[in-house]
Amino acid sequence: MHEDLIATNYKESRVKHYWDAFVLLVTTAVAVEIPLRLSLRIPLEGGWLIFDVFLTLVFAIDMIVNFFAPVMIDGQLVADRKSLVRRYLKGWFVLDVLATVPWDVFFGSAAESVRLLRLLRLAHIATFMQRLIKANVINASLLRMVFLAFWITLFAHWCACGWIALGAGSIGTEWRVDSTLLYIRSFYWAVTTIATIGYGDIIPLTPIQTVYTILVEIIGAGIYGYIIAIFASLIAKLDVARNHFTEHLEKINTFMRLRKIPPDLQARICGYHEYLWNSRRGYDEAHVLADLPESLKLQISLFLNRHILEKVPIFQGASNDLLQQIVLNLKPRVFTPGDYIFCEGEIGEGMYFISRGRVEVVSKDGKTIFATLTEGNYFGEIALLMSQPRNASIRAVDYVDLYLLERDTLESVLKKFPDFQAHIHELAAKRQAATGLAQGS
Ligand code: CMP
């Protein structure tokens, strides 16, 4: 039931995501089109007019959508009509009205620049970016870089359009033969001026062009410095997990060099870390979950570990309650090839479930292999259930991911679920009998 609810929420907000993305695409086209058309003095007719009517319609529909479409706020889907209307009226409504109404119809074509009001819609992009970041579909730093690149390009485009509108300075006549060439050359001027490169090959000729150039230079210098700083920090953050892990590894390497750890042991330690990186990007599951409230911890643990328990035959048909109790208490453990998880004759402190990799059930001297257990198998239950020492040793064949269920937890679960207790005892007795291994054998 709960999962269904999450799925519906997700679906509804996804449709809204697609619509918003479409509206932003249209807005971007407008942000490019209007300044360009105004600067090149292209009249609003033919295809341009059709596009204008189309975008007025899109913006108007979007306003209706904003009044009624449920939105996600703090992870909750708000669908209540009154709250939605109030929220929109208090938020984007005024801006959207200014951007949607075709003002020049009222003011006449003499006031065509009022169309620039349409650009107010671009304000939605920041919110859209935040939503994409929250949706966590791609790396947040990468997303920020894409948006930053988008804004810089748009800004350079506006500067180029302004430059054309003011007469394009000393751009030669060979570039003025058609609008595309004139635009390309002006865009080049804008980029070199914003980036403070300023080759001086295109210079202002009139006082107003000079003032405009000074403004673009001043704003450009600020923006350029800001962009470089932001890009540097975003690149550093691009792969936080890897940076963190590399730093950790460097510390360990320094320590090993300093303490002259033997090379083969160093190689094993490096191999272990490589495995941690490849299997879980260096994250320690217990550490990541530590700060979460119990309910979320349960859901994540269920999501991560349920498939392990589903593969374990003893849990087939077990109640949800029982699985939850166990899943919440599983402790992840990693062993490297050749490690002994425990040895024959030891007191049992817990039983293990294999999530990945292989282990061998071996004799005390490690020479006789009784069985090889893989993903979905479990071991170490006999000592706990029969109150006897371990009847065999367990050795990792490859890197193994295990989940440990400690003795106390198992005992408390068994007390609560007597049916399961009988079932697991029966299976343990069968395994013990089948293997012919008993205490001291
Ligand atoms: P325990 O005695 O606690 O510790 C050793 C474990 O190895 C034992 O529980 C069983 O879970 C497991 N085990 C022992 N012999 C075999 C076998 N032949 N096949 C599979 N598992 C075994």
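What is the mean pLDDT of the protein, and what share of its residues reach 70 or more?

A: The model is predicted: local features need pLDDT of at least 70, side-chain atom pairs 80 or more, while totals for chains, interfaces and linings use all residues. Residues are numbered from 1 along each chain, and side-chain values use heavy atoms, without hydrogens or water.

Confidence comes first. The mean pLDDT (predictor's confidence per residue, 0 to 100) is 84, and 94% of the residues reach 70 or more. Residues 1-10 fall below 50; beyond near neighbours in sequence, this stretch has 3 contacts (heavy atoms within 4.5 Å) in the model. Where pLDDT is low, the predicted coordinates should not be read in detail.

Now the ligand. A polar backbone atom of G380 lies 2.9 Å from a ligand oxygen. For N391, a polar backbone atom is 2.9 Å from an oxygen of the ligand. For I382, a backbone N or O atom sits 3.5 Å from a ligand oxygen. On its own the ligand has 450 Å² of accessible area (Shrake-Rupley, 1.4 Å probe), and the protein covers 94% of that area.

β7 leads on to its sheet. That sheet is open, with 4 strands in the order β4-β9-β6-β7 and antiparallel pairing (at least two DSSP bridges). β4 (340-342) and β7 (369-373) are the edge strands, each pairing on one side only. Neighbouring strands are turned by 30° on average, direction ignored (axes fitted to C-alpha atoms; angles 0 to 180 degrees). Inside the sheet, β6 (359-362) and β9 (393-396) run antiparallel over 4 bridges. V362 has S393 of β9 as its bridge partner.

A further sheet of 4 strands is also open, ordered β3-β10-β5-β8, with antiparallel pairing. Its edges are β3 (331-335) and β8 (378-379). β5 (350-356) and β10 (400-406) pair antiparallel over 6 bridges, and F353 stands opposite Y403 in β10. Helix α16 (407-416) packs on this sheet and touches β5 and β10. The direction of α16 makes about 60° with that of β10.

Definitions and conventions: A polar contact is a pair of N or O atoms within 3.5 Å; within protein, one must be able to donate a hydrogen and the other to accept it, and residues adjacent in sequence count only if both atoms are side-chain atoms.
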